[in-house]
Amino acid sequence: MSADVTLEDVKQDAGIEEEEEQIDLAPVHRIIDSLKETKGMLIPVLQDVQTVYGYVPEEAANVVADRMRLYRSQVYGVLTFYTQFHLTPRGRHIIRACSGTACHVRGGKTVISKLEHMLGIGHGETTEDMFASFEKVACLGACGLAPVIMIDNDAHGTLDSVKTERIMDNLREMDTMKRAE
Ligand code: FES
């Protein structure tokens, strides 16, 4: 990527719309202030930024570049190279469905279809109400429980369509209750 390519260009290429909210950038400054030295720290800094915001906002990426004396294109290069980084806000829940072989042969496709149908989104997308983001992944490392999904940090195994529906209904209910608190 050349030095004059910005995250805006990357987002435009990917068809991602700009978010309009003002972002509090104080946490980004705090993250960088806490470093003894910045050399080789770009990825850990971006990871910390993503932990704070749930994704890496463009304004935060620009602060990181400016404060760490890097070209913005260097920062955007890292952000777009590593799939762990997200450039847009993600849902309150991250739902990962395994599409690996063990899960596939034990009915993973049905589970994935059920999730996509219930959420109304596909791989890499987030529901409009920010309830959840959905991803298909190669293997969740729990093949003995196939087919498996992860909801946030919890694994749910030996799923079928009915069980998946029940889990998702519970999640929706818990989410609604939590938001009403
Ligand atoms: S193949 Fe699904 S958890 Fe490994």
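1. Overall make-up. The protein chain of this predicted model has 8 helices and 5 strands, and along the sequence these elements follow the pattern α-α-α-α-α-β-α-α-β-β-β-β-α. Of the 181 residues in the protein chain, 24% are buried.

2. The 5 strands form an open sheet in the order 2-3-1-4-5, and the pairing is mixed. Strand 2 (125-126) and strand 5 stand at the edges with a single partner strand each, so that one side of each lacks a neighbour in the sheet.

3. Strand 1 and its two partners. Strand 1, residues 93-98, runs antiparallel to strand 4 and is joined to it by 3 bridges, with Ala97 having Ile149 of strand 4 as its bridge partner. Strand 1 also runs parallel to strand 3, and here 6 bridges join the two; in this pairing the bridge partner of Arg96 is Glu135 in strand 3.

4. Strand 2 and strand 3 run antiparallel and are joined by 2 bridges, and Glu125 stands opposite Phe134 in strand 3. The hairpin of these two strands has 5 residues between the strands, and within the hairpin Met130 takes a positive phi near 65°.

5. Helix 3 against helix 5. The axes of helix 3 (residues 42-53) and helix 5 come within 11 Å and cross at roughly 70°. Because this angle falls in the range from 65 to 115 degrees, helix 3 is roughly perpendicular to helix 5, and the crossing is right-handed. Helix 3 contributes Leu42, Ile43 and Leu46 to the contact, while helix 5 contributes Val75, Val78 and Leu79. Sorted by class, the contact of helix 3 with helix 5 has 6 nonpolar residues, with no polar and no charged ones.

6. Helix 2 against helix 4. Helix 2 (residues 26-33) and helix 4 pack with their axes 10 Å apart and at an angle of about 30°. Since angles under 35 degrees count as roughly parallel, helix 2 and helix 4 are described as roughly parallel to each other; the crossing of these two helices is right-handed. On the helix 2 side, Val28, His29 and Ile32 meet Ala60, Val63, Val64 and Arg67 of helix 4. The residues of this contact divide into 5 nonpolar, 1 polar and 1 charged.

7. Burial along helix 4, and what follows the helix. Glu58, Ala60, Ala61, Val63 and Val64 are buried in helix 4, and among them Ala60, Val63 and Val64 also meet helix 2. Helix 4 is followed by Arg69, which has a positive phi near 55° and lies in the loop between helix 4 (58-67) and helix 5 (72-81). Arg69 counts as exposed because it has 7 C-beta neighbours inside 10 Å, against a cut-off of 12 or fewer.

8. Asp152, a residue other than glycine, has a positive phi near 55°, and is located in the loop between strand 4 and strand 5 (154-156). Because Asp152 has 11 C-beta neighbours inside 10 Å, this residue counts as exposed.

9. A cis peptide bond. Ala146 and Pro147 are joined by a cis peptide bond, for which omega is about -5°.

Technical notes: Residues are numbered from 1 along each chain as its sequence is written. This is a predicted model: local features need pLDDT of at least 70, side-chain atom pairs count only at pLDDT 80 or more; totals for chains, interfaces and linings use all residues. Helices (H or I, at least four residues) and strands (E, at least two) are DSSP runs, numbered from the N terminus. A residue is buried if 20 or more other C-beta atoms lie within 10 Å of its own, exposed if 12 or fewer, and partly exposed in between; C-beta atoms are placed from the backbone. Two strands pair if DSSP finds at least two bridges between them. Axes are lines fitted to C-alpha atoms, for helices over the stretch in contact, and angles run from 0 to 180 degrees between N-to-C directions. Angles under 35 degrees count as roughly parallel, over 145 as roughly antiparallel, 65 to 115 as roughly perpendicular and the rest as oblique. A crossing is left-handed if the near helix is turned anticlockwise from the far one by less than a right angle, and right-handed if clockwise. Two residues are in contact if their C-beta atoms, placed from the backbone, lie within 7 Å. Ala, Val, Leu, Ile, Met, Phe, Trp, Tyr, Cys and Pro count as nonpolar, Asp, Glu, Lys and Arg as charged, and the others, Gly among them, as polar.
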